[in-house]
Amino acid sequence: MPIATDPMTSVATDAVTLLPSRAALIERLAERAPSSADDPAALVLVGLLPRDTRWPLPGSHLGLVAAALSAAVRADDWLARSGPTEFAVLLGSAAGDAETATERLLQVVVGAGVPGLTACARIAALSPDASATEVHRRATLCLTTALSVGGGRVIR
């Protein structure tokens, strides 16, 4: 994943989508880690699935999806690119409450204007006892399972 670093902010940015990168996501997860159950947050990983080809998605298609997701997230949500065909949304709500938002995000991907593109997602709750990298690792493993099953799946 191409990365550019802005020396003024030291936030890594994905060069294709201009969204924060996985490194910035891990930093944000660590900053947002809840101190108790009264401070819920959830990570949603959205994985893209092109229906008719195994070829990598062109940058123009990733840009369309990034723009659609950017327009669809709430003001207090935080969007990043977390992998070659993955986007992450950090929600300021509990994992159970994130299901509605996740279903909406999957529909946004389908409607982004990329023919044959579907998506699936993984919802992971942030907790005081799991590090940012561990939350991301668990979410990525579950997303891999969802991607192998097919589009439209949400794993909680």
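These questions and answers walk through a predicted model of one chain.

Trainee: In what order do the elements of the chain run from the N terminus on?
Mentor: Start with the inventory: the chain has four helices and seven strands. From the N terminus on, the order is β-β-α-β-α-β-β-α-β-α-β.

Trainee: Which strands stand at the edges of the open sheet?
Mentor: Five strands form this open sheet, with mixed pairing, in the order β4-β5-β3-β6-β7. An edge strand has a single partner, so one side of it is left without a neighbour in the sheet. That describes β4 (78-83) and β7 (154-155).

Trainee: In what sense do β4 and β5 pair?
Mentor: Strands of a sheet pair through backbone hydrogen bonds, either parallel or antiparallel. β4 and β5 form a hairpin, with two residues between them. Trp 78 stands opposite Leu 90 in β5. Over five bridges, the pairing is antiparallel.

Trainee: How many residues of β4 are buried?
Mentor: Buried means under 20% relative accessible area. Across the chain, 44% of the 156 residues are buried. β4 stands at an edge of the sheet, yet it is mostly covered. The count for β4 is six of six.

Trainee: Which residue in β7 is the bridge partner of Arg 122?
Mentor: Look at β6 (residues 117-125) and β7, which run parallel. Two bridges join them. In β7, the partner of Arg 122 is Ile 155.

Trainee: At about what angle does helix α3 run to β6?
Mentor: α3 covers residues 98-110. The helix lies across β3 (42-50), β5 (86-91), β6 and β7. Its angle to β6 is about 160°.

Trainee: What span should helix α4 have, at 1.5 Å a residue?
Mentor: α4 (residues 132-149) has 18 residues. The expected span is 1.5 Å times one less than that number.

Trainee: Within what arc do the buried residues of α4 fall?
Mentor: Ala 132, Val 135, His 136, Ala 139, Leu 143 and Ala 146 are buried in α4. Seen down the helix axis, they line one face, because they fall within an arc of 90°.

Trainee: Which elements do the buried residues of α4 pack against?
Mentor: Among these elements is one helix, α1 (22-32). The others are strands of the open sheet.

Trainee: Which residue follows α4?
Mentor: Look for a positive phi, near 135°. The residue is Gly 150.

Methods. Residues are numbered from 1 along each chain as its sequence is written. This is a predicted model: local features need pLDDT of at least 70, side-chain atom pairs count only at pLDDT 80 or more; totals for chains, interfaces and linings use all residues. Side-chain values use heavy atoms; hydrogens and water are left out. Two strands pair if DSSP finds at least two bridges between them. Contact means heavy atoms within 4.5 Å. Axes are lines fitted to C-alpha atoms, for helices over the stretch in contact, and angles run from 0 to 180 degrees between N-to-C directions. Buried means under 20% relative accessible area, exposed over 50%, partly exposed in between (1.4 Å probe, protein chains only). The arc is that of the directions from the helix axis to the C-beta atoms.
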